[in-house]
Amino acid sequence: MAISIADKFYAGYFVLHTLVTAMDCGALIRYEERSTFHKNMFDIMINKYEDPLMKYPPAFLYSFLLLEAFIQWPFFPYAAYSLYKGKKGCYVGILMYAVEATVTTFACLAEIYWAPTISESSRTSLLLIYSPTFFVPLVMMIDFGYRISKWVPANDPSKLKTK
């Protein structure tokens with residue numbers, strides 16, 4: 001069975017996002033206990049981009065990061081492997097991930113967009129940095145919602161039982 005270009009892209013996204021999540025979850029560790037890599041990345045986000053999510057993390061960010069660390073992160077290798085092998089058993093999980101990631105990233109984008117303390121240049125850079133983690137799951141949500149909807153017999157009037 002040939003794997004679609006979209007599924008190859010999604011599998012690559014999940015592999016890449018496994019690494020991004022490892023970086024993101026550094027925010028769950030006290031600054032003094034973070035690795036040098038994590039400290040450097042957070043310092044860049046704060047000093048170069050004035051990232052309000054890193055500089056003054058809102059309480060909701062920690063709940064999002066916990067979801068990312070304990071629900072999404074373990075799912076990513078399974079999703080990537082399943083897509084690469086052409087298995088449809090991961091579709092519902094991908095749809096669930098896509099909805100959750102779209103909603104939580106939207107909240108982060110809104111926080112950046114309306115942050116009063118950052119320059120327009122930093123705001124634009126941050127929106128561009130964070131936006132792929134909104135738009136890729138948004139497309140996934142639509143794509144996998146459509147794929148799954150084809151499994152529902154109600155979408156095919158010839159399969160409906162009538163009395």
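**Aromatic contacts across the helices**

Six residues build one aromatic cluster: Tyr13, Phe14, Phe75, Phe76, Tyr78 and Tyr97. The model is predicted. In total, the structure holds 14 aromatic pairs.

Take Phe76 and Tyr97, one of these pairs. Their ring centres lie 5.4 Å apart. Phe76 belongs to helix H4, residues 59-84. Tyr97 belongs to helix H5, residues 91-113. The pair therefore ties together parts that are 21 residues apart in sequence. Both Phe76 and Tyr97 are buried.

Now turn to Phe106 and Phe134. The ring centres of Phe106 and Phe134 are 6.0 Å apart. Their planes stand at 40°, so this pair is tilted. The angle falls between the cut-offs, under 30 degrees for stacked and over 60 for edge-to-face. Phe106 sits in helix H5, while Phe134 sits in helix H7, residues 132-149. This pair therefore links parts 28 residues apart in sequence.

Are Phe106 and Phe134 buried or exposed? Phe106 has a relative accessible area of 52%, so it counts as exposed. The cut-off for exposed is over 50%. Phe134 has a relative accessible area of 12%, so it counts as buried. Here the cut-off is under 20%.

Rings also meet charged side chains. Arg34 lies over the face of Phe42, 4.4 Å from the ring centre. Arg147 places its charged end over the ring of Tyr91, at 5.1 Å from the centre.

Methods: Residues numbered from 1 in each chain as written. Predicted model: local features only at pLDDT ≥ 70, side-chain atom pairs only at ≥ 80, totals over all residues. Heavy atoms only, no water. Phe/Tyr/Trp six-rings, centres within 6.5 Å; stacked < 30°, edge-to-face > 60°. Helix = DSSP H or I, 4+ residues; strand = E, 2+ residues; numbered from the N terminus. Buried < 20%, exposed > 50% of the residue type's maximum accessible area, 1.4 Å probe, protein only. Lys NZ or Arg CZ within 6 Å of the ring centre and 35° of its normal.
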